[in-house]
Amino acid sequence: MAAITLIEGVTRALAHEMERDERVIVLGEDVGVNGGVFRATAGLQQRFGDQRVQDTPLAEAMIAGLSVGMAAQGMRPVAEIQFEGFVYPAVDQIVNHAARLRTRTRGRLTCPMVLRVPYGGGIHAPEHHSDSPEAMFAHMPGIRVVIPSSPARAYGLLLAAIRSPDPVVFFEPKRIYRLQKQEVPDDGEALPLDVCYTLREGEDVTVVTWGAMTWETLKAADQLADDGISCEIIDVATISPLDHETILESVERTGRLCIVQEAPRSFGVASEIAAVVAEQALYSLRTPISRVTGYDTIMPLFRLETEYMPSVQRVVDGIRAALEE
Amino acid sequence: METIADFEIQYSQFLDPDGRPSDTLPDFAQDSEQLIEMYRQMTLVRIFDGKAINLQRTGKLGTYASSLGHEASHVGIGAAMRPEDCLAPSYREYGAMLWRGVKMSEILLYWGGDERGSRFEHAPHDFPFCVPIATQCLHAAGAAMAYQLRGEPRCAVSINGDGGTSEGAFYEALNVAGAKKLPVVFVVINNKWAISVPLELQTASRTLAQKAVAAGIPGLQVDGNDVIAVRHWMERALERARRGEGPALIEAITYRLSDHTTADDASRYRKKEEVEAARAIEPLLRLRRYLVEQGLWDDAREEALRAECVERVDAAVESYINTPRAPVTDMFDYLFEKLPDHLVAQREMAQHYDRGGRH
């Protein structure tokens, strides 16, 4: 079996679900003939036709709104927003409609749609192509926010997202789209949503992260291992609803917590995780919580983007900070 | 230079304000029963509307958006649709919603602050009220896309106001529907006012129907106070869409005789004379005059109908007033299909405080 990349995991999951469930429709800008600007939908239109893989006009609110309408009437739309910087016009539809439809109609209409959004920095892209806005969506009740960090999780979590009876915003860390190859059988096995994945077990400190930052975090843990420091690494995977249990259980064991995110520092997912631990496991903590994050600045253009994003060194330092009495 | 594109917008009216035919009436309007049925619905909506305002004024209902003056537009839309079609309304189209099976008690529940008002027991696939302006146009387009993909002979209809035509979602919906030939009809109820903003501040367009031109779809203006015109052109647009010939935009010209909502005071921004002039051409009067002229209606029937409507509205009010508040857990129980773990504790907390609990 040939190993595949994260983005090929996305493609494979889309193809699998389209084959299995004819309600699944792929739509977005350039997803058809072109196969998506990142190639996530490559070959799908050729295989499933131009009705089930539809190029749309260029309007993100429309793509999201059309998906809400389709989902409410029995389809399973999987829409692509080309880059996270263009997702903002769609927020109205996601927050005011997708997230609320089940609640507003007391379950009469539901919204089983997936909005796939490549996100994050590190690919030397133009302006508005490198943000990490997951916290904005995670703050909104009624939607799931899911982020894979490996080919296997891209495949398994996207399958789960498409099968979910409720809307999912699926952020894809574009920086690691082609970083790693992994053998991922096309067995249609979805991975569970709403749970964290422990990537590495350890004893001295719990390091919680997600998306592309899992890679800097793993490298940092390797370096620290040379100094005899054992890191437990947790990939959050489903940002919202957040799996408190896995994080709390780990912190109660290690007594230390470092959270690593690419997004700006304040009011974000790291803040929420820190709050949950402070509320529910404060007395297990032997040291203050440490956060390694992007800065509270506008994501710079690419000549400075590596200075913005937490480097392996910053993660190492952040974990060391969590180890200091 | 040469002209490479040109357009014209047509206007249609069958009954003039005095109830006299101004054009050859379409077939359904030759059937007195159908006309009377529409008149009955328009009367019911008007009486319902007055009652809802009274309920708000006496503290028994929250803010309410009146449909006074829109009855012909709304009922004409509802009457033209098939049950299997799908309506994506904004928030005051009671005439269309009631025709499609939404209950008066549900409308009252909604404005009475209860989500169960959008449960729509007898309109199972229609979209709920939509307060974010014109966003529902996209839901109608999406619904139409679902029907198109499944090869079902169904159409979606969205309704928004003149203010909504300034929204991006309105243009985006028209545009994608045109590009994909979706079976959807967009209706703009032009009641001349978007809260306090008059049409001339909303747009420099001569008509709102011409907004269809840029999307490459047909656009037509009808007299929205003439239920025959609204229903006829809606039927034509729906037939066309159902045959796979694509979407259309219908602008129905009417006038908002009421305040925007019960929280508004329109006397602050518009002249009494303008409202009086609009009242003189309102829709119920027009159809009644026609029916009376045809010998199909008289004072006795009018009185009997009103008594019947009052009785039905009172029964709906009774049902609304007697509906106990939803359990506090409802906040949680419709958020997702299955409640996520971290919300279990929040749900218990809400229950605890709801019972007046103390630690």
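1. The largest pocket holds about 700 Å³ of space. Please keep in mind while reading that this is a predicted model. The pocket is lined by 27 residues, and those closest to its centre are Ala138(A), Ser240(A), Glu272(A), His342(B) and Gln346(B).

2. Where does the lining of the largest pocket come from, in terms of helices and strands? In chain A, helix H6 (134-138), strand E10 (238-240) and helix H10 (269-281) each give at least two residues, and so does helix H14 (341-354) of chain B. H10(A) provides the largest share, with six residues.

3. Next comes the second largest pocket, with a volume of about 540 Å³. Its lining counts 24 residues, of which Thr103(A), Arg106(A), Gly113(B), Asp114(B) and Glu115(B) are the closest to the centre.

4. Which helices supply at least two residues each to the lining of the second largest pocket? They are helix H5 (101-104) from chain A, along with helix H4 (104-111) and helix H13 (330-333) from chain B. Here the largest share belongs to H4(B), at three residues.

5. By residue class, the lining of the second largest pocket divides into 12 nonpolar, five polar and seven charged residues.

Conventions: Residues are numbered from 1 along each chain as its sequence is written. Chains are lettered from A and ligands numbered from 1 in the order in which they are written. This is a predicted model: local features need pLDDT of at least 70, side-chain atom pairs count only at pLDDT 80 or more; totals for chains, interfaces and linings use all residues. Side-chain values use heavy atoms; hydrogens and water are left out. On a 1 Å grid over the protein atoms alone, a cavity is a set of points where a 1.4 Å probe fits but cannot get out, and a pocket is an open set with protein on both sides within 12 Å along at least five of seven lines; lining residues have an atom within 4 Å of a point. Grid points are joined across faces, edges and corners, and a volume is the space filled by probe spheres set on the points. Helices (H or I, at least four residues) and strands (E, at least two) are DSSP runs, numbered from the N terminus. Ala, Val, Leu, Ile, Met, Phe, Trp, Tyr, Cys and Pro count as nonpolar, Asp, Glu, Lys and Arg as charged, and the others, Gly among them, as polar.
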